[in-house]
Amino acid sequence: LASLDKEVLHQKTRNQQLIHEIAQLKRHRFAKRSESFSPDQASLLDDLIETDLAAIEAELEILAPKPAQLVARQQPKRTALPAEFPRTLIHHEPENTQCQCGCALKRIGEDVSEKLDYTPGVFSVERHIRGKWVCDNCETLIQEPVPAQVIDKCIPTAGLLAQVMIAKYADHLPLFRQE
């Protein structure tokens, strides 16, 4: 037991010695150098820097082109589908209005998108209404995904696109006549 105590004491003193050496080496490597700037020397260069910056700014003002009159362009907006077309409402709601944490979901709004559909001789509008549901406790938002479309972000449905393709390629009716 005495020999183990001596060994532990020897290891502790050796650790202290190594820690001291590492601290000295770090001080030597990362400490301030004698060649570093003193605060007095830094103030000598401030006057020169300020005059140089002022001269550069004056040159930039002379060389900078004058901005032309910017014309505010309006974003193109899709016109709304005519109100006289019959509308069919298609609701997309989640199957379960209960959150995973056990709370009841609360409806906070809805996203509405309108699609133009065509059945022979009749144009109609499909209104897709996707409800937004939120849980107050865990703050999760649940909404049904957007239904698949033939062309993303476009108004016509598959029925209207099929009618246009048949009229153009099978019936040889040009697009400007279909319009």
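# Reading the terms on this predicted model

The chain exposes about 15700 Å², and carbon and sulfur atoms supply 58% of it. Such accessible areas come from the Shrake-Rupley method with a 1.4 Å probe; for residues, only the protein chains shown count as cover. This is a predicted model, where local features need pLDDT of at least 70, side-chain atom pairs count only at pLDDT 80 or more, and totals for chains, interfaces and linings use all residues. Residues are numbered from 1 along each chain as its sequence is written, and side-chain values use heavy atoms, with hydrogens and water left out.

Q: What makes a stretch of this chain a helix or a strand?
A: Both are DSSP runs, numbered from the N terminus: helices are H or I with at least four residues, strands are E with at least two. The chain has 4 helices and 4 strands. Along the sequence they follow the pattern α-α-β-β-β-β-α-α.

Q: How do you know that the span of helix α3 agrees with its number of residues?
A: The expected span is 1.5 Å times one less than the number of residues. Helix α3 (residues 158-170) has 13 residues, so it should span 18 Å. Its end C-alpha atoms are 17 Å apart, which agrees.

Q: What does helix α1 reach from its first C-alpha to its last?
A: Helix α1 (residues 2-30) has 29 residues and reaches 42 Å, close to the 42 Å expected. α1 is hardly covered: the count of buried residues in it is 0.

Q: Why is Thr157 called buried?
A: Buried means under 20% relative accessible area, exposed over 50%, and partly exposed in between (1.4 Å probe, protein chains only). Thr157 has 11%, so it is buried. Across the chain, buried residues make up 14% of the 179 residues.

Q: What is Thr157 in contact with, leaving aside its neighbours within four places in sequence?
A: Thr157 sits in the loop between β4 (141-143) and α3. Contact means heavy atoms within 4.5 Å. Thr157 is in contact with Lys115, Leu116, Asp117, Tyr118 and Glu126, leaving aside those neighbours.

Q: What makes the pair of Thr157 and Asp117 a polar contact?
A: A polar contact is a pair of N or O atoms within 3.5 Å; within protein, one must be able to donate a hydrogen and the other to accept it, and residues adjacent in sequence count only if both atoms are side-chain atoms. The side chains of Thr157 and Asp117 make such a contact at 2.7 Å.

Q: Why is Ala80 called exposed?
A: Ala80 has 68% relative accessibility, so it counts as exposed. Ala80 lies in the loop between α2 (39-63) and β1 (87-92). Ala80 and Glu114 are 34 residues apart in sequence, and 8.9 Å apart in space, C-alpha to C-alpha.

Q: Which residues lie nearest the centre of the largest pocket?
A: They are Val112, Ser113, Glu114, Lys115 and Gln149, out of 16 lining residues. The largest share of the lining, 5 residues, comes from β2. β2 (106-119) and β3 (122-134) each supply at least two residues.

Q: Which residue with a positive phi follows α3?
A: α3 is followed by His172, whose phi is near 55°. His172 lies in the loop between α3 and α4 (175-178). At 66% relative accessibility, His172 counts as exposed.

Terms used:
On a 1 Å grid over the protein atoms alone, a cavity is a set of points where a 1.4 Å probe fits but cannot get out, and a pocket is an open set with protein on both sides within 12 Å along at least five of seven lines; lining residues have an atom within 4 Å of a point.
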